[in-house]
Amino acid sequence: MNRRNFAAQAPAALAGAALAACGGGNASEHRKPTFVFVHGGWQGGWAWTKVAQLLAERGFQSVLLDLPGHGISAQMPAAYTAKPQNLAGLSMEVSAHAGLTLNDYRDSVLKVIRGLVAAGSGPVILVGQSSGGGTLSAVAEADPSLIRRLVYQSAFVQVRFPTIIQYLQEPNFAVSEVPPLFVADPTVVGAARINHESADPAYVARLKSCFYHDLSDEAFLAVSNMLTPDNPIGTLTTPVQLTVGAWGRVSRTFVRCTADRALPIAVQDQMIADADAFTPGNRFEQITLNTSHSPFVSAPADLVEVLVSLAV
């Protein structure tokens, strides 16, 4: 098992960055990679803003993507935005994004990365969190030549099962705090729906505990105001068939989050083990953070140290 202490690697990472900045060695060999970030459910590209800012201070370029139906393209259920909310309607109103699948996510990311590579960026480091891992895998399977490294930050890796939803039904996912947050039947509304605008303090406390328990209340309020309610169910049920010859040939890192209450550490470790057994010649590099599901907002500096260490 190959686990790295990222803090111990930081000096080497900085030395490599300095060499590239000074033009030392072969230019293509030392070119700083572009990071492309894929957010998880109910988020948008904004989730990676602090990470991108810190990376920019270190001389790295980043692209923060809004997946279809998220961020600025999100359409809210009318029952969600009503004042006061229509809770009965929220449990029944079909999502405007019910028709989206993981293939839509994959294709939107591929267009961006192909544009970057065509413009001379070189293969990118593709970073994904949570359900964003499904998009990472689908993109790498479709065109591994575009990817320098995959970084799964407490994210799904569909090796044992082809769909994310199958992992949600596994016994080791039972301790996750996510399912009790759903306010509608996904088969009815076409989405995994969470009420980030709830007026119920107990529900809001559970929401914070699940994803952001290591944030202050003030920071959590800022984050929750940007979250959207619907994660299209098709993105969780679309199968991805990974192969050794495509996805399996790309270098990959898994950032384990040991205090994660959304994607339990046992599930993270099982997916790592499954992937390593699938491609024993190309195993996950493992790095561990003692954070919640969301270190991109609760510990961005630590996460940036990890990413910089992988970029040399």
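User: What makes Arg-58 and Glu-305 a salt bridge?

Analyst: Their side chains sit 3.1 Å apart, N to O. The cut-off is a Lys or Arg side-chain nitrogen within 4 Å of a carboxyl oxygen of Asp or Glu, so the pair qualifies. Bear in mind that this is a predicted model. The two residues come from distant parts of the chain, 247 residues apart: Arg-58 is in the loop between α2 (49-57) and β3 (62-64), and Glu-305 is in helix α14 (residues 300-310).

User: Why is Arg-58 called partly exposed?

Analyst: Arg-58 has 23% relative accessibility. Buried means under 20% and exposed means over 50%, so 23% lands in between.

User: Which of the labels, buried or partly exposed, goes to Asp-143?

Analyst: Asp-143 is buried: its relative accessible area is 18%, and the label needs under 20%.

User: What about Arg-256 and Asp-269, and what does their salt bridge tie together?

Analyst: Their side chains meet at 2.7 Å, N to O, which is within 4 Å, so this is a salt bridge. Arg-256 lies in strand β8 (residues 252-257) and Asp-269 in helix α12 (residues 265-278), so the pair ties together parts 13 residues apart in sequence. Arg-256 is buried, because 7% relative accessibility is under 20%. Asp-269 has 27%, so it is partly exposed.

User: How many salt bridges does the structure hold?

Analyst: There are 10. Some share partners, and in this way Arg-252, Asp-276 and Arg-283 are joined into one network.

User: Zooming out, what makes the chain agree with a compact globule?

Analyst: For 312 residues, a compact globule would have a radius of gyration near 20 Å, and this chain has 19 Å, so the two agree. The chain has 14 helices and nine strands, and 53% of its residues count as buried.

User: And how are the charges set out?

Analyst: The chain carries 21 positive and 24 negative side chains, with the centres of the two sets 7 Å apart.

How values were computed: Residues numbered from 1 in each chain as written. Predicted model: local features only at pLDDT ≥ 70, side-chain atom pairs only at ≥ 80, totals over all residues. Heavy atoms only, no water. Helix = DSSP H or I, 4+ residues; strand = E, 2+ residues; numbered from the N terminus. Rg over C-alpha atoms; globule rule 2.2 N^0.38 Å. Buried < 20%, exposed > 50% of the residue type's maximum accessible area, 1.4 Å probe, protein only. Lys, Arg positive; Asp, Glu negative; His and termini not counted. Charge placed at Lys NZ, Arg CZ, Asp CG, Glu CD.
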